[in-house]
Amino acid sequence: MATKVYIVYYSMYGHVEKLAEEIKKGAASVEGVEAKLWQVPETLSEEVLGKMSAPPKNNVPVIAPNDLAEADGFVFGFPTRFGMMSAQFKAFLDATGGLWRTQQLAGKPAGVFYSTGSQGGGQETTALTAITQLVHHGMIFVPIGYTFGAGMFEMEQVKGGSPYGAGTYAGDGSRMPSELELAQAFHQGKYIAGIAKKLKTAA
């Protein structure tokens, strides 16, 4: 039976979505792994989104809390709001109380990825504060560490991400993920999928 890895994200302007797509490719590159993209529900009205010049959402299915129980592993992605995950993603996690009561996600591996507006905007704090959500569910946090190799030490160009997970810098919104950032996202997907597969096989 295939190992199911869910890449669950919120993206307002497309930066996190670009990373999510690469993470899915990386996860799907592992034999025996079925990777699927999901987006969390939007909490803002169309009127507010219009005023924020947010583009229309794509056709990636919207996840419900109970859908999480079907997966063997996760990679959660979100933009940063004041150094923490966006309210939309937090609202989704706040709705997972039923899964928490039954600990249906306990023992399942999960990683995180993110987008910030600037270099001091929360590349590490966003991931660090997100870990509390995983802990209460009993999930196993899987950082990428320095397994991405030389790309982790890039100093000649701006590069998001950290040992916590893949990341990008949005700047004023016009900057999209670089090739190096996308490569790190692919690596994260492949890395976490491999671990999810090992855990499922060993169970």
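Predicted model: local features only at pLDDT ≥ 70, side-chain atom pairs only at ≥ 80, totals over all residues.

Me: What is the volume of the largest pocket?
Reply: Empty space is found by rolling a probe the size of a water molecule over the atoms. For the largest pocket, the volume comes to about 240 Å³.

Me: Which residues that line the largest pocket are the closest to its centre?
Reply: There are 13 residues in that lining. By class they split into six nonpolar, five polar and two charged. The ones closest to the centre are Met152, Glu154, Lys159, Gly161 and Tyr169.

Me: And the second largest pocket: which element gives the largest share of its lining?
Reply: That pocket holds about 200 Å³ of space. Its lining has 16 residues, with Tyr13, His15, Pro79, Ser115 and Ala170 the closest to the centre. Helix H1 (15–28), strand S3 (73–81) and strand S5 (109–116) each give two or more residues. The largest share, three residues, comes from S3.

Me: How many residues in the lining of the second largest pocket are polar?
Reply: Sort that lining by class and you get five nonpolar and two charged residues. The polar count is nine.

Me: Where does Glu17 sit, and which residues does Glu17 touch, leaving out those up to four places away in sequence?
Reply: Glu17 is part of helix H1. Gln188 is 171 residues away from Glu17 in sequence, and their C-alpha atoms are 15 Å apart in space. Counting heavy atoms within 4.5 Å as contact, Glu17 touches Tyr9, Ser11 and Asn58.

Notes: Residues numbered from 1 in each chain as written. Heavy atoms only, no water. 1 Å grid on protein atoms, 1.4 Å probe; cavity = no way out; pocket = protein on both sides within 12 Å on 5 of 7 lines; lining within 4 Å. Points joined across faces, edges and corners; volume = space filled by probe spheres on them. Nonpolar A, V, L, I, M, F, W, Y, C, P; charged D, E, K, R; others polar.
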